[in-house]
Amino acid sequence: MGFHGFSKSNPRIYWIASGIVALVIIVTIMLKKLITVYLDCCKGSKQLSKTKPDEEMKSIRTYALEELKMATKDFKIRIGVGATSYVYLAEFGDGRLGAVKRVMEERGGKTKMFLDEVSVLLRISHPNLVGLMGFCLDKGEQLLLLEYVPNKSLFERMHTYHNQSSVTLSWSNRLNIALDVARALDYLHSVADPPVIHRDVKSSNILLINDDHAKLADFGLCKLGNDVVSATTPTKVKGSLGYVDTYYLNTGLVSPKSDVYSFGVLLLELITGLKSLQGSMTLAEWTEECRKNENVELLIGMLDPKLNGNVDIEQLRVLIDVANSALLENSEARPNMTHIVYRISSCMESHQPIPELPV
C-alpha cells in the first residue's frame with residue numbers, strides 16, 4: 001500500500017506521521033547547528049577579549065600556511081627563541097601585528113605538545129596572559145599566531161647587554177610586574193576550568209607591555225591541573241634550571257605549588273637583579289642566608305645595585321617574606337597565588353614615602 005492510500009484510509013495516523021517527520025526535521029536542524037558550533041570551537045572560533053575592554057573582539061581561527069608565511073615575510077624577522085620554537089614578527093595587510101610561534105620538530109616540538117598548547121590557550125582569557133589569535137597545522141608546520149607584546153621580555157630588559165642602556169626598572173615597576181604575573185597565575189590556578197599549571201614561569205616568558213605591566217607567555221609545557229593535582233605517579237620533570245620546584249625535581253610530582261616556587265625565584269630576580277643561576281648554585285640557594293635574616297642591612301644588601309637603594313623597606317620585607325614562603329621545600333606549606341596576590345597588592349596600597357636608607 002502506498003503512502004497516499006494509507007493517509008486517506010487513516011487520516012489520524014497521517015497527522016501523527018506528519019508530526020513525527022516535522023519533529024525529525026527540527027531535531028536534525030538543531031543537531032546540525034550544535035555540530036557546527038562544536039566544530040567551530042575545535043577550530044578555534046572562540047571569542048576572547050583583548051586587554052582593553054573597549055577594543056574590538058578578536059576571533060581565533062585557523063590560518064593557511066601561506067597566510068602566515070606572507071605575514072612573516074617567510075619567517076624573516078625573529079623576535080624570540082623558545083626551547084622548541086622560534087618566534088617571528090607578523091604584519092597583516094590591515095596593519096595588525098602578531099607574533100608567530102613556529103614549533104620545530106628538530107628542536108623537540110611534538111605535535112601532541114602543540115595541540116595541548118592550542119587546547120589550553122582556547123580555554124583561557126586574562127589581561128595578563130598572552131592571547132591566542134589563531135593557529136596553523138599544515139604541511140608539517142606547527143604555528144601559533146599570538147598577541148604581539150612590543151617591549152620584549154623581562155629577562156631581556158634586566159639581563160641582556162643590548163638593553164643596558166634602557167632606563168632601569170624602578171622598584172615600583174618591579175612591584176607592578178610581580179603583581180601582574182601573580183594575577184595571571186592566580187587566574188590559571190583558581191579560575192581556569194580545569195586549572196592550568198604553567199610549569200615554565202621565568203623572566204624570559206614574561207613579556208612587557210610597558211615598564212609597569214606584563215603578560216605571562218608560553219604554554220608549551222603546561223599541564224591541566226585536574227590531570228595531575230592528585231597524581232601519585234611521578235612525571236617527567238619539565239621547566240628551566242634555577243626556576244624548577246625542588247619538590248617537583250626530587251619527586252616528579254607537579255602541582256600548582258610548583259608554579260608558586262618558580263614565582264618565588266622570579267621575585268628574587270626582581271629584587272636582586274640577578275639571573276636564576278649563579279654559577280653552580282640557584283638564585284634561591286645563593287640568597288638563602290641573606291633572605292632568611294631579619295637584619296635590614298642584609299636585606300638591603302640583596303638589592304639590585306641599579307636601584308640605588310630607592311625602595312620601600314616595608315615592601316621589600318613583604319616581597320622577601322613572600323619569596324621565602326614560596327620557596328619552602330614542603331610544597332603543601334607554600335601559599336597559593338590568591339594569597340600572594342593579596343600580600344603584594346596590600347603592601348602596594350599601603351605604600352609610604354621611601355625612607356632614607358642607612359649610610
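This is a predicted model: local features need pLDDT of at least 70, side-chain atom pairs count only at pLDDT 80 or more; totals for chains, interfaces and linings use all residues.

Student: How many bridges join β4 to β5, and in which direction do the strands run?

Tutor: Strands (E, at least two residues) and helices (H or I, at least four) are DSSP runs numbered from the N terminus, and two strands pair if DSSP finds at least two bridges between them. Here three bridges join β4 to β5, and the two run antiparallel. They form a hairpin with three residues between them.

Student: What is the order of the strands in the sheet?

Tutor: The open sheet has six strands, in the order β3-β7-β8-β6-β5-β4, with mixed pairing. β3 (61-62) and β4 (78-81) are the edge strands, each pairing on one side only. β3 runs parallel to β7 (residues 132-138), joined to it by two bridges; Thr62 has Phe135 in β7 as its bridge partner.

Student: How does one describe two packed helices?

Tutor: Two packed helices are described by the angle between their axes and the distance between the axes. Axes are lines fitted to C-alpha atoms, for helices over the stretch in contact, and angles run from 0 to 180 degrees between N-to-C directions. In this model α9 (residues 256-272) and α12 (residues 313-326) pack at about 145 degrees, with axes 8 Å apart. Contact means heavy atoms within 4.5 Å; among the residues that meet are Val260 and Leu267 in α9 and Leu316 and Ile320 in α12.

Student: How is a pocket found, and what is the volume of the largest pocket?

Tutor: Rolling a probe the size of a water molecule over the atoms shows where empty space is left. On a 1 Å grid over the protein atoms alone, with a 1.4 Å probe, a pocket is an open set of points with protein on both sides within 12 Å along at least five of seven lines; lining residues have an atom within 4 Å of a point. Volume is the space filled by probe spheres set on the points, which are joined across faces, edges and corners. The largest pocket has a volume of about 790 Å³. Its lining has 37 residues, with Gly80, Val81, Val87, Ser204 and Asn205 nearest the centre.

Key: Residues are numbered from 1 along each chain as its sequence is written. Side-chain values use heavy atoms; hydrogens and water are left out.
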